[in-house]
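Here is my note on the model. Please read it alongside the chain shown below.

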Amino acid sequence: MAEELLEKDSKGQGMTKGSRMILVGPPGVGKGTQAAFLEARLGLKHLSSGTIFRAEVEAETDLGRLAQSYINHGELVPNGVTIEMMAKRIRSDEVRKSGFVLDGFPRTIRQSVALDEMLDAMDMRLDKVVSISASDELVLSRLTGRMGCTKCGEIYHAKSKPPKREGLCDKCNGPLIIRTDDKPGTIIERLKVFREQTKPVIDYYREKGMLQVVDGSRTAEEVYTQIVCAEE
Ligand code: ADP
């Protein structure tokens, strides 16, 4: 179904190869899952600020050391270093050619303005901004019990998608871990930060007439269909 509609889209509407888009929404709403679909199916480069930060923490770089305490407390990493880190990737030749889907960035008005400026300087435009919405209750239940594979990134859930063997990835046998910021207290803080700092980002794009809202409580395939079909 989504593939058929995608053909229609290539005649003018919605998502196509080479598009430049932003996914915005509360933690745990499924931005990462949708961005992975868009990368696999449309070839858009998936740029997740959270994943990039976690790789920096893992590699024990200066940026990783700086970011770690913010991440562990559910707070935002300062705008300056975040913008610089994302700008480097958005400006790369590979991303210019493939198009991109931003996941987790921009998360503050300052980051949105910085993104506008960097795209302007490259004479590039955003095609659309998708807000994936869901209630606090739903995201809390999705985040509590979430586990990810340290090797391939596949996501599991203790209740809704348990791995066949405890602690091991079904796909690649890699060890599964629970993110340090997926603890209940930190999840509450991340939701608060979302309300205070990221909701204004959604309003910013709504005012520019670029926003599409999709229902994040649906299945992953249904959410994907909503995104590529450009329907509210
Ligand atoms: P979430 O599931 O909360 O959307 P992410 O994986 O996107 O998680 O981000 C994890 C953490 O990384 C955030 O809580 C924050 O500390 C940091 N982070 C990610 N993106 C940004 C950003 N654009 N600006 C500041 N901090 C960020």
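Which residue in strand 6 is the bridge partner of Gly148? Point 2 has the reply.

1. This is a predicted model: local features need pLDDT of at least 70, side-chain atom pairs count only at pLDDT 80 or more, and totals for chains, interfaces and linings use all residues. Residues are numbered from 1 along each chain as its sequence is written, and side-chain values use heavy atoms, with hydrogens and water left out.

2. Gly148 has Ile155 as its bridge partner in strand 6. Strand 5 covers residues 146–149 and runs antiparallel to strand 6, with three bridges between them. (Strands pair if DSSP finds at least two bridges between them.)

3. Three strands form an open sheet in the order 6-5-7, paired antiparallel. Strand 6 (155–157) and strand 7 (176–177) are the edges; each has a single partner strand, so one side of each lacks a neighbour in the sheet.

4. The protein chain has 10 helices and eight strands. These are DSSP runs, numbered from the N terminus: helices are H or I of at least four residues, strands E of at least two.

5. The radius of gyration is 17 Å, which agrees with the value near 17 Å for a compact globule of 232 residues. It is taken over C-alpha atoms; the globule rule is 2.2 Å times the number of residues to the power 0.38. The C-alpha trace spans about 45 × 40 × 30 Å along its principal axes.

6. Of the 232 residues, 45% are buried (under 20% relative accessible area, 1.4 Å probe, protein chains only).

Key. Buried < 20%, exposed > 50% of the residue type's maximum accessible area, 1.4 Å probe, protein only.
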